[in-house]
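Please keep the sequence and the model in view while reading the points below.

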Amino acid sequence: MAAQDIVIRPIITEKSMSGIAAKKYTFEVAKNATKIDIARAVEELFGVKVTKVNTLHVRGHLRRQGRFQGYTSSWKKAIVTVSEDSKAIEFFEGMM
């Protein structure tokens, strides 16, 4: 699987932005990607040294539109910690 297929998009929320000071970055990743796959993909895409990867599955939420209801799709989130001597990811630096 290619690195672009593993890392789908960055997550931009208040909680994820507070982790940037500690060099923790949050991404939506492919559901079948392992921690090792995610670490390699982030290192390849952004040129940083990954020290730790935490993953979690986000369940789909029940949504209603009038009398119709359904669930949003579930997805996988990864919180990637980058080493202290590594450079910051430029995309997130522009957000602060």
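A charge sits over a ring if NZ of Lys or CZ of Arg is within 6 Å of the ring centre and within 35 degrees of the ring normal. In this predicted model, the charged end of Arg-9 sits over the ring of Trp-75, 5.9 Å from its centre. Arg-9 also takes part in a salt bridge with Glu-28, and the points below begin with that residue.

- Arg-9 belongs to strand 1.
- With a relative accessible area of 40%, Arg-9 is classed as partly exposed, because that class lies between the limits of 20% for buried and 50% for exposed.
- When residues up to four places away in sequence are not counted, Arg-9 touches Phe-27 and Glu-28.
- Thr-51 stands 42 residues from Arg-9 in sequence, and the two C-alpha atoms are 20 Å apart in space.

**The salt bridge**

- The count of salt bridges in the model comes to one.
- This salt bridge is formed by Glu-28 and Arg-9, whose closest N and O atoms are 2.5 Å apart.
- Glu-28 lies in strand 2 (residues 24-29) and Arg-9 in strand 1 (residues 7-10), so the pair ties together parts that are 19 residues apart in sequence.
- The side chains of Arg-9 and Glu-28 are also joined by a polar contact of 2.5 Å.

- Leaving aside neighbours within four places in sequence, Glu-28 is in contact with several residues, including Ile-6, Val-7 and Ile-8.
- Trp-75 and Lys-76 are also among the contacts of Glu-28.

**The aromatic pair**

- A search of the whole structure finds one aromatic pair.
- The pair consists of Phe-27 and Phe-46, with ring centres 5.7 Å apart and planes at 25°, so it is stacked.
- Phe-27 is in strand 2 and Phe-46 in helix 3, and the pair links these distant parts of the chain, 19 residues apart.
- Phe-27 is buried, with a relative accessible area of 1%, whereas Phe-46 is partly exposed, with a relative accessible area of 25%.

**The largest nonpolar core**

- The largest nonpolar core has 22 residues.
- The residues with the most contacts inside this core are Tyr-25, Phe-27, Ile-38, Val-42 and Phe-92.
- Two or more core residues are given by each of helix 1 (3-6), strand 2, helix 3 (35-46), strand 3 (50-58) and strand 6 (75-82).
- Helix 3 supplies the largest share of this core, four residues.
- Val-42 touches Val-7, Phe-27, Gly-47, Val-48, Val-50 and Val-80, not counting residues up to four places away in sequence.

**A backbone feature at Lys-23**

- Lys-23 is not a glycine, yet it has a positive phi of about 60°.
- Lys-23 is placed in the loop between helix 2 (14-18) and strand 2.
- At a relative accessibility of 14%, Lys-23 counts as buried.

How values were computed. Residues are numbered from 1 along each chain as its sequence is written. This is a predicted model: local features need pLDDT of at least 70, side-chain atom pairs count only at pLDDT 80 or more; totals for chains, interfaces and linings use all residues. Side-chain values use heavy atoms; hydrogens and water are left out. A salt bridge is a side-chain nitrogen of Lys or Arg within 4 Å of a carboxyl oxygen of Asp or Glu. Contact means heavy atoms within 4.5 Å. Buried means under 20% relative accessible area, exposed over 50%, partly exposed in between (1.4 Å probe, protein chains only). A nonpolar core is a set of buried Ala, Val, Leu, Ile, Met, Phe, Trp, Tyr and Cys residues joined through side-chain atoms within 4.5 Å. Rings of Phe, Tyr and Trp (its six-membered ring) pair if their centres lie within 6.5 Å; planes under 30 degrees apart count as stacked, over 60 as edge-to-face and the rest as tilted. A polar contact is a pair of N or O atoms within 3.5 Å; within protein, one must be able to donate a hydrogen and the other to accept it, and residues adjacent in sequence count only if both atoms are side-chain atoms.
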